[in-house]
Every structure is written in C-alpha cells, then in structure tokens.
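Open the model in your viewer and keep the selection panel at hand. The stops below go from a pocket to the ligand and then to another pocket.

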Amino acid sequence: MRTRRPYSLPWSQVTPEKTYLSRRRLLAAAGAMLGGGLLPGLGVASSRFAGAPASRFSTDEPLTPLKHVTSYNNFYEFGTGKDDPARNAHTLKTTPWAVEIGGEVTRPATVGLEELIQPAHLEERIYRLRCVEGWSMVIPWVGFPLADLLKRFQPTSRANYVAFETLYDPEQMPGQKRPVLDWPYREGLRLDEAMHPLTLLTVGLYGNELPNQNGAPLRLVVPWKYGFKSIKSIVRIRLTEQRPTTSWEMANAREYGFYSNVNPEVDHPRWSQARERRLGEESLFQKKRPTLMFNGYGEQVAHLYQGMDLRKYY
Ligand SMILES: Nc1nc2c(c(=O)[nH]1)N[C@H]1C(S)=C(S)[C@@H](COP(=O)(O)O)O[C@H]1N2
Ligand SMILES: [Mo]
C-alpha cells in the first residue's frame with residue numbers, strides 16, 4: 001500500500017505563511033460579524049479566544065460565513081431539521097459543565113470545564129468538515145489536541161479505544177424525548193486516531209465560545225472523518241479495551257461504520273460521497289466540489305489505515 005497518495009494535501013498548504021493570511025481573513029470576518037450585529041457589544045479584542053495562535057494544520061481555503069456555520073446544523077438532541085438546533089439549543093445550560101474521564105486511565109477524574117481547558121494549549125485551527133449528507137464547511141475552530149488531555153489522565157496499557165458521550169438530559173435537550181437515536185449520542189475513536197495531532201477538542205469558533213448549536217461547551221472535531229464523528233456537548237470520555245459502539249452504528253450498521261473516514265470511492269447507500277456542496281457557495285458558484293480522500297488530510301492520516309480494506313472498514 002502506498003503511503004503518499006496523489007489526492008492528499010501537500011504540506012505547502014499548511015505552512016505558517018498561509019495561516020497568517022487565514023488570520024487576516026479571520027479578523028476581516030470578525031469585523032463583518034460586528035457589522036452584521038451578530039455579536040452586539042463584543043469587539044474582536046473582547047472575543048474570548050481571539051488571541052489563540054494560528055495552527056500550522058490550518059487550511060487556507062475561504063472560510064464559511066458564520067451565519068451558515070451557526071444556522072445549518074446537525075444536532076439531533078434539538079430536532080432533526082437543519083434549522084432546529086439554532087432555534088432550540090438555547091435550553092442547553094453550559095455552565096457549570098463537568099467532564100468525566102474514566103475507564104482505562106491511571107488517573108480517572110471528573111473535571112470542571114475551566115480546569116480541563118489549558119489556555120496555553122489553545123490554538124485556532126481552520127479545518128474542512130464534511131457531512132456524510134454531502135455538504136461541507138471551512139471553520140476557524142479554537143481548541144486543543146485531544147492527545148494533550150488523554151496524556152494528562154494517563155491511558156493504561158489496556159486502552160485501545162476512546163468512547164465519548166454527549167449530555168443526556170431531555171429537559172435541556174428536548175429532542176431526546178423521542179427515540180430518534182439511542183441516547184445519549186455516543187461516538188468512538190481508535191486510540192491512535194484519538195492521539196493524532198489533527199484530532200481537536202474544540203471550545204470555540206470564529207474567536208469566540210462555541211454557540212450551543214455547534215456543540216457548546218466542548219466538542220470533538222476530527223476533520224478526516226464524516227461530521228457525525230465530531231460529537232458535541234461532551235460529558236464523558238472513557239478509554240476502553242474493546243471497540244465501543246457508536247449511536248449511528250446502533251441505528252444503522254449497514255450505513256454507518258465505526259471508521260467513517262471521508263472516502264469519495266465508497267458511497268453511503270443513500271448519498272454519493274464523490275462530490276460536495278460547500279455551504280455559502282450556493283449562489284454564483286453552485287458547482288459542486290470533488291470530495292478528497294480523507295477530506296484532504298491523507299498525507300497526515302493515511303498511514304493509520306495502512307493495509308486495511310477501507311471498503312470493509314467504512
Ligand atoms: N451530540 C451530537 N453530536 C453531533 C451530532 C448530533 O446530532 N448530536 N451531529 C453530528 C453531525 S451528523 C454533523 S455533520 C456535525 C455537525 O456539526 P456542526 O453543526 O457544528 O456543523 O455534528 C455531529 N455531532
Ligand atoms: Mo453529518
């Protein structure tokens with residue numbers, strides 16, 4: 001199996017010079033947000049995470065406008081319509097917030113969010129994220145590598161996987177009153193995927209705290225996998241010996257596999273994965289973009305799957 005693939009992004013696209021340009025675009029976008037009145041009374045300087053340094057892992061593609069990022073969402077705990085989360089997620093109470101870290105770790109603990117976030121570790125990462133339904137976005141996230149957190153709690157030698165859970169509280173998350181999924185929402189990664197430097201625990205976007213509809217106060221972003229792996233509003237992280245079952249596998253194992261790597265050559269039974277629609281480009285540039293293997297992160301992650309049949313392990 002080849003490790004260098006023609007479809008992967010060259011490193012030249014993730015250089016610091018390029019992220020500097022991204023940074024400038026970000027500031028312009030923040031200015032536009034102010035102009036649009038989306039953050040009344042909040043200057044860029046007072047945006048909570050505006051100072052987070054740019055990451056060398058950022059893409060330099062144009063950012064998806066904030067209004068699309070916050071109004072076209074999948075967050076079934078607040079309804080299955082794309083505009084439901086923006087309308088309904090205000091009932092989620094994100095302070096105080098605690099995360100339980102347990103299972104195969106030397107130092108299990110329940111930790112308050114403020115203690116979990118180490119400000120010096122925060123970075124701004126501009127990532128593509130592609131939903132299995134065929135749309136994609138480019139978002140300036142703020143977060144820190146999941147690996148930093150896992151190392152803090154010291155996985156044991158028996159840890160092979162990481163299992164994540166979203167909050168379960170039907171009063172705050174009214175969508176959980178209906179059996180749309182087997183709540184709470186559950187996701188999982190292999191330990192090497194979880195430790196990969198691209199795997200980001202995310203607390204903000206566009207320089208500010210995550211809006212509730214995007215998974216406040218803490219979510220995962222795994223840019224080479226379909227969007228549903230990027231679990232929102234996390235309250236539990238468990239290291240496990242056995243592979244955990246995910247909510248989407250439980251709902252429909254034929255359609256959703258554990259790996260769910262972005263792969264234009266393996267179609268979902270209901271949606272082609274060959275092309276994608278970039279949110280915000282609907283009007284003049286309606287042309288769909290080709291979807292890239294591993295969402296364009298192949299150079300960084302293909303080695304994780306060497307020798308695996310990606311049709312079988314979808
Ligand atoms: N808890 C939870 N996390 C979730 C989901 C969800 O329904 N519940 N939807 C997933 C799906 S299908 C996608 S595409 C992304 C969407 O993230 P965004 O709304 O911030 O773009 O969140 C993922 N994380
Ligand atoms: Mo999705």
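Start with the largest pocket of this predicted model, which has a volume of about 410 Å³. A pocket is an open set of points on a 1 Å grid over the protein atoms alone, where a 1.4 Å probe fits, with protein on both sides within 12 Å along at least five of seven lines; lining residues have an atom within 4 Å of a point. The volume is the space filled by probe spheres set on the points, which are joined across faces, edges and corners.

Select Asn74, Tyr185, Gly227, Phe228 and Lys232, the closest to the centre among 27 lining residues. Next, colour strands S3 (123–130) and S4 (135–145), the elements that each give two or more residues to this lining; S4 gives the largest share, four residues. Strands are DSSP runs (E, at least two residues), numbered from the N terminus.

Now show ligand 1, which sits in the largest pocket (more than half of its atoms lie within 2 Å of the grid points). Which polar side-chain atom lies 2.9 Å from a nitrogen atom of ligand 1? That atom belongs to threonine 166. Oxygen atoms of the ligand lie 2.6 Å from a polar side-chain atom of arginine 219 and 2.7 Å from one of lysine 232.

Last, go to the second largest pocket, with about 240 Å³ of space. Select Tyr226, Glu255, Val266, Asp267 and Tyr314, the closest to its centre of 20 lining residues.

Residues are numbered from 1 along each chain as its sequence is written, and chains are lettered from A and ligands numbered from 1 in the order written. Local features need pLDDT of at least 70, side-chain atom pairs count only at pLDDT 80 or more, and totals for chains, interfaces and linings use all residues; side-chain values use heavy atoms, with hydrogens and water left out.

Note on methods: A polar contact is a pair of N or O atoms within 3.5 Å; within protein, one must be able to donate a hydrogen and the other to accept it, and residues adjacent in sequence count only if both atoms are side-chain atoms.
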